[in-house]
Amino acid sequence: MTKPFAVEVGRRIRTLRRLYGLSLSELAQRASIGKATLSGLETGTRNPTLETLYAVSAQLDLPLAVLLADPDPTERPAEIHGTAVSAALLETFTDNEVTSELYRIRIRPGVTQVSPPHQHGVTEHLTVFAGRARVGPARNPIVVPAGGHAHWPADIPHIYSADDDAEVHASLTIRHHGCMTAMAFPPSACLDWQEAS
């Protein structure tokens, strides 16, 4: 992950935190991460992980893509790494009051990544190109073979793991209902919408 990417992510977190009127300590506490961790993210001196960014975006009630720099079609997108998953944001788009984030992901074998609940009504859709994935609700995961597809409610704890010793290559679409301006940065119109709702 390149330094400019981490710096841009940090700038976005800091801007959003201030828009929401939260102190560094308040957001760190709400996201259940250390204040030093959040400070390092905001200054760009700490590489963001998927788990940490999901924790922060959930407390701001925004899609993860809002924290990430818009993908540059002329460059290979930056990957964010979690315990088991490496993901690269490819595109964000809206369709009939649904905002979607499209990621290219890899799931490493031998470990399981647990994702906390996303915002209410969020769903995830996975298409596997290679390997076998065990994904979905933590209490009742789904095995998806190469060429298969699965979807699940992502507003409950859910997992990602490889079902065998091979790395999984897949696409993941995260669909959000509601604020259509959520992907803009800074999402001031989305904040106005949330206050009015």
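Leaving out neighbours within four places in sequence, tyrosine 103 is in contact (heavy atoms within 4.5 Å) with Leu64, Ala65, Leu68, Ala87, Ala88, Leu89, Leu90, Ala170, Ser171, Leu172 and Ile174. This is a predicted model, where local features need pLDDT of at least 70, side-chain atom pairs count only at pLDDT 80 or more, and totals for chains, interfaces and linings use all residues. Residues are numbered from 1 along each chain as its sequence is written, and side-chain values use heavy atoms, with hydrogens and water left out.

Tyr103 also turns up in the largest nonpolar core, a set of 47 residues, among those with the most contacts inside it. Such a core is made of buried Ala, Val, Leu, Ile, Met, Phe, Trp, Tyr and Cys residues joined through side-chain atoms within 4.5 Å; buried means under 20% relative accessible area (1.4 Å probe, protein chains only). Helix α4 gives the most to this core, with 5 residues.

Now for glutamate 42, which is buried, with a relative accessible area of 5%. Glutamate 42 touches Gly10, Arg11, Ile13, Arg14, Arg17 and Leu24, not counting residues up to four places away in sequence.

Two helices come up here (DSSP runs of H or I, at least four residues, numbered from the N terminus):

| Helix | Residues |
|---|---|
| α3, with glutamate 42 | 35–43 |
| α4 | 50–59 |

As for confidence (pLDDT, the predictor's score for each residue from 0 to 100), the chain averages 87. Over residues 191–197 the pLDDT is below 50. Where pLDDT is low, the predicted coordinates should not be read in detail.

Key
Buried means under 20% relative accessible area, exposed over 50%, partly exposed in between (1.4 Å probe, protein chains only).
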